[in-house]
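Welcome! Have a look at the model below, and then we can go through a few questions together.

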Amino acid sequence: MPQDPNLRHAEGYFELGLYEEALEELALADRRPENRLEVMARSLEVHIASEDWGAALPLSEALCELDPEAPAFCIHHAFVLRELGRVAEARDTLLEGPEELRNHTTYHYNLGCYEALLGNTGGALASVKEAIQRERKFLQIAHEDTDLEAIRDLLPPLA
């Protein structure tokens with residue numbers, strides 16, 4: 001739990017789905033320089049949850065620049081790009097991201113989604129199968145994900 005009361009309040013508001021209130025608390029926390037990176041990261045989470053892609057984009061870009069080795073920032077940035085319809089950029093963001101990314105199941109799953117949307121069924125299937133092999137829960141997710149319509153018939157069957 002964060003020590004800063006504004007960060008704690010923002011966390012509570014976020015968990016309740018009160019995104020405007022969370023952003024107000026984050027703005028107050030942002031007045032303290034030691035909170036800057038955490039405020040940016042939490043603000044990005046709020047904008048993603050509220051599907052405010054326009055506000056999320058500059059934050060995700062800035063976080064990737066501030067900490068290019070942080071896998072979560074890269075994954076979030078790619079996701080924001082995808083939601084803005086910039087799928088090729090989303091894929092490239094993942095492919096050009098830090099090596100540590102490849103240790104994250106979400107990297108493989110999202111890469112598969114972006115490849116499927118771009119028409120690369122072979123790459124899509126390989127990436128999604130890698131995600132499923134790492135975490136079985138992604139099989140169910142893949143069968144329901146509209147991004148993977150092009151490869152749905154090629155996925156392993158649900159048990």
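Q: What is the handedness of the crossing in which α4 passes α5?
A: This is a predicted model, where local features need pLDDT of at least 70, side-chain atom pairs count only at pLDDT 80 or more, and totals for chains, interfaces and linings use all residues. Residues are numbered from 1 along each chain as its sequence is written, and side-chain values use heavy atoms, leaving out hydrogens and water. A crossing is left-handed if the near helix is turned anticlockwise from the far one by less than a right angle, and right-handed if clockwise. For α4 passing α5, the crossing is left-handed.

Q: How do the directions of α4 and α5 relate to each other?
A: The axes of α4 (residues 53-66) and α5 (residues 71-83) come within 9 Å and cross at roughly 150 degrees. Angles over 145 degrees count as roughly antiparallel. The two helices, α4 and α5, are therefore roughly antiparallel.

Q: How many residues of the contact of α4 with α5 are nonpolar?
A: Contact means heavy atoms within 4.5 Å. On the α4 side, W53, A56, L57, S60, E61, L63 and C64 take part, and α5 brings F73, C74, H77, F79, V80, L81 and E83. Ala, Val, Leu, Ile, Met, Phe, Trp, Tyr, Cys and Pro count as nonpolar, Asp, Glu, Lys and Arg as charged, and the others, Gly among them, as polar. The division is 2 charged, 2 polar and, for nonpolar residues, 10.

Q: What share of the protein chain do buried residues make up?
A: Buried means under 20% relative accessible area, with a 1.4 Å probe and protein chains only. Of the 159 residues in the protein chain, the buried share is 43%.

Note on methods: Axes are lines fitted to C-alpha atoms, for helices over the stretch in contact, and angles run from 0 to 180 degrees between N-to-C directions. Helices (H or I, at least four residues) and strands (E, at least two) are DSSP runs, numbered from the N terminus. Angles under 35 degrees count as roughly parallel, over 145 as roughly antiparallel, 65 to 115 as roughly perpendicular and the rest as oblique. Buried means under 20% relative accessible area, exposed over 50%, partly exposed in between (1.4 Å probe, protein chains only).
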